[in-house]
Amino acid sequence: MPLRPRRPMRSRAPVVPFLAAGALALGAALGCARRPATTRPAPLVRWPAECLIGQDGPTTSDTIIAAFEDTSDARRAQLATTREAPVRFDCTGRPWPALAVLWSRDTSARFWTLVLRPPATGDTDARWTAGALAAAWRDDSAAARTLRYAGVTAVLPLDDQRVVVELAQPSNGLPAVFGDRVLGVPRPTPVTLAPMSLSSADLRDAIDRGADLVQTADPAVLDYARRQSELSEVALPWSRAYLLLLAPDAKPLTPSDTVAFRTSLASDAVSAVAEDARPGAGPPWWDEAAECPARPQPRPPQPTPEVIAYRSDDRVARALAERLVALASASAGDLRARGLAPDSFRAALRLGAARAFVLSVPLDATVPCRELADWPARPTVLPLIDTRARLVVRRGVRPLAVERDGGVRPAEAAEIR
Amino acid sequence: MSFRARLFVALAVAALVPIGILAFGVRREMTRRLTEENVRRTSAAVAALRDDLARESAATAARLATIAADLSRDNGVRLALQGDWVSRRALLDVAGTAMRGAGLAALQLQDSAGRILSSGHFRNAYDRLDPETPRALLAAGGEAVLLRAPTADSSVLVLARLDSLRAGGGRYTLVGGSAIEPRLQGSLVGDPDLALRLIEPTGPAHTESGTRADADEATVAALALPYASPGATDTDTARLVVVRAPGTLAALRRDVDRWFLVAVAATAGLAVVGAWWIARRVSRPITELAERTAAIDFDRLDQTFPSDRADEIGALAATLGAMTERLRLGSARLREAERRMATGDLARQVNHDIKNGLVPIRNVLRHLAQTARDEPAALPRIFEERRGTLESSLEYLDTLARNYARLSPAARTFCDVNAVVAELVGGLDASRVTLRAEPAPALPSVSADPLVLRRILENLVTNAVDSMAGRDDGVVTVGAEAFGPPSSIQVRVTVSDTGPGMSRAELDRAFDDFHTTKEGGTGLGLSIVRRLVLDLGGALRIETAPGAGTRAIVELPAAPAAPPIVPTAGRGGSG
């Protein structure tokens, strides 16, 4: 019995470019706006304990040497230490002041006003006025693309401190896009998290070389860390969802999409490469993805290769693809698993140039539509498993803060008071 | 075909044929020996291949036995085989660990129902049913079987063996094997000319794999191996074919051919150069002899054929020289005979003429004598009457004497050619054309009567001036020069004009008596000139072409032991 699709993606017209076009409409809207409903940020209290790691004990070093199994985790950590988003979300999803110290929305919930931190004399971020921030978002292609995918139709600085953002759809809660570090600015004070250059893919070598922080899901590495008393281990929030994506009009695969099937995948198929895996239910933002703009669909190659493609640097995806091949080989003898380099995988995904794809998406996406940018139109998507990584932390390392997207950074003094 | 071309062809053939025979022989012998050597090497390689396969099969069986023993002793595996869920993760990876540790390429642990419990080459194939593979291996009677084991992304061809273990009251099967393709390639790596091709029976078609594919390769041996097709419970037969790629032999042949072509090209080049040099060396004296022989004429018998060679060319030159000398003597004798004949004719003419002059005188004298005897008084009157006859006869004889005096041979002296030329050019009335004299300094004298030389040149210059009648821009140049070796120096006088020139037919008739192109001409000018020049021991030739003017060239031998004459003003001639 074939896997049952969770839901097909819907097509939608592309969003109108957001900047400049809505400036006049925004001014008119503000001029006749109803009384804005201001949301006060939470007072600067201690960062939630569940989002802090290593807060007890003496700190032996200010600089944290870190090693990551996943390049996306490494990049996230690097962004967390070098850039400051307008708003910071802790691992529970609660917003915290960062570049923006206040935020409010009007009664329509489509216009959000961010009040930036007042520039202090001598601060390195004195140049980040509202106008400079809006200009930076406009000039940076990644930021502009992120805003477009997030449904932002206009950005208008009111004065040096206030910037108004218009949304295509009303949002009662603070949009998560404001926590995306692509919209961030360089941190005024660098945070000392230094990546370790690795000579091998085995993170046990990083532990041996004295790494303070190792983020991994590899059971062998974690087992090695557990044997060492100076290391502690913390499980991070579930962060990755693995999906099986069938190209449009592709023949379904034979295994049944049951909880038992997904449980078997989580417990057996990936047990050699992922310590923590659970049956997947799909990312929570999945419902929002239905509203994402569709893009022109390139013509897929004919005929579609009988392969299940995965990113060659993703061992979990490889294990899942191999298991699917093993289960399907009884009826589809020619089906093979094929690892592709990231760029090739992205291109193949865009073209739908494989019978199926195994890929991962963040469970908590600040901009869901951005995650789907490379997907073919009208795919059939099946959730497989969710995974999470673990932190191996050397005792005595300064406290670490875990943010909503799973990014880890050294905690600031205000957060641990 | 010219002499040179024949000589070249002969040299080329003489050089290339031996090289071709040598190349053909070397190539043939090389092919024969290499073929024999290949047969020996092939036999040895096939024997080594059989040994390799047997050793590999035995080694695989030994590794499987070791793995089965280790798994039987492993408590975790024992618990997992009895359904312990906690140990299941370890069981999934146990085949991979054992496979890598034993150096195998495929390893699969199955229960008695054929369910895969752990797979090393396809880790996530667990729980699949594959009872056919152990059955096929059993059907092979314990021999090693070629098995294409599927993996997630491809397949691996292994030389598989079967083993089993008992744990927890159950019986489990181990199927494992080592990768055969790199093994087969490695077994023949030392022989670059041999290659292996595995022909697998997959239904009606055959799939082939091997180390190399070459259209020129030849099958030299074949081994039959039991083969377990996917899903089949019995074994089939795969063929392991040993082919010989003509690599070394072909390379040697190519090298020989290449060097042969280089040798041919070099030989051809050398043959061309050598043939050109030899032909030139051989044919040049012949060509010179031919040119000198072609210049021999009845009026030009002064050609010599000097040669210091002692070969056939020298003999030919000597023969031609002797022939020319004989011609020269014959010509002199002929001229002497002509002269004598002319002298006889002249004597008879003189006799006749004198007689003609004397007859009237004798008649008058007889008449006067008769009158004086018979009629003395009338003698004065008769004398007066016959006086006219006497005077006319005497005048006739005087004229006759003067005329014959002019026919007498002139006396030869040292004659200054420059002076004669200057006098001639200065004395001619040729207002319509330009006359130029180009004397040569230190020109040797010639042995000739200056009047004869003047007559010669006067005729030639007059002809040149007349040839440009009707033109006002004609130029006649009279030049002189010395030439020839010091032992036989000669003087060349050239009369050239810018007139219309003559055709070949006109030139051929120019020396004929009574042939003239001028109105009122006698047609004796050039004939007289040639005779006078020949009398002086010289030669006359005409170089002309229509529209290119005419050059009359008179070549006279220099007077022996005559010092060069420094040009002086006035009429030439020195004594």
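Two residues are in contact if their C-beta atoms, placed from the backbone, lie within 7 Å. The structure is a predicted model, in which local features need pLDDT of at least 70 and side-chain atom pairs count only at pLDDT 80 or more, while totals for chains, interfaces and linings use all residues. Residues are numbered from 1 along each chain as its sequence is written, and chains are lettered from A and ligands numbered from 1 in the order in which they are written.

By the contact criterion, B:V145 touches B:A136, B:L137, B:A140, B:A160, B:P226, B:Y227, B:A228 and B:T235, neighbours within four places in sequence being left aside. A residue is buried if 20 or more other C-beta atoms lie within 10 Å of its own, with C-beta atoms placed from the backbone.

Chain A has 12 helices and 24 strands, assigned as DSSP runs (helices H or I, at least four residues; strands E, at least two) and numbered from the N terminus. Of its 417 residues, 46% are buried. Among contacts in chain A with a separation of 6 or more, 80% join residues 24 or more positions apart.

Definitions and conventions
Buried ≥ 20, exposed ≤ 12 C-beta atoms within 10 Å, placed from the backbone.
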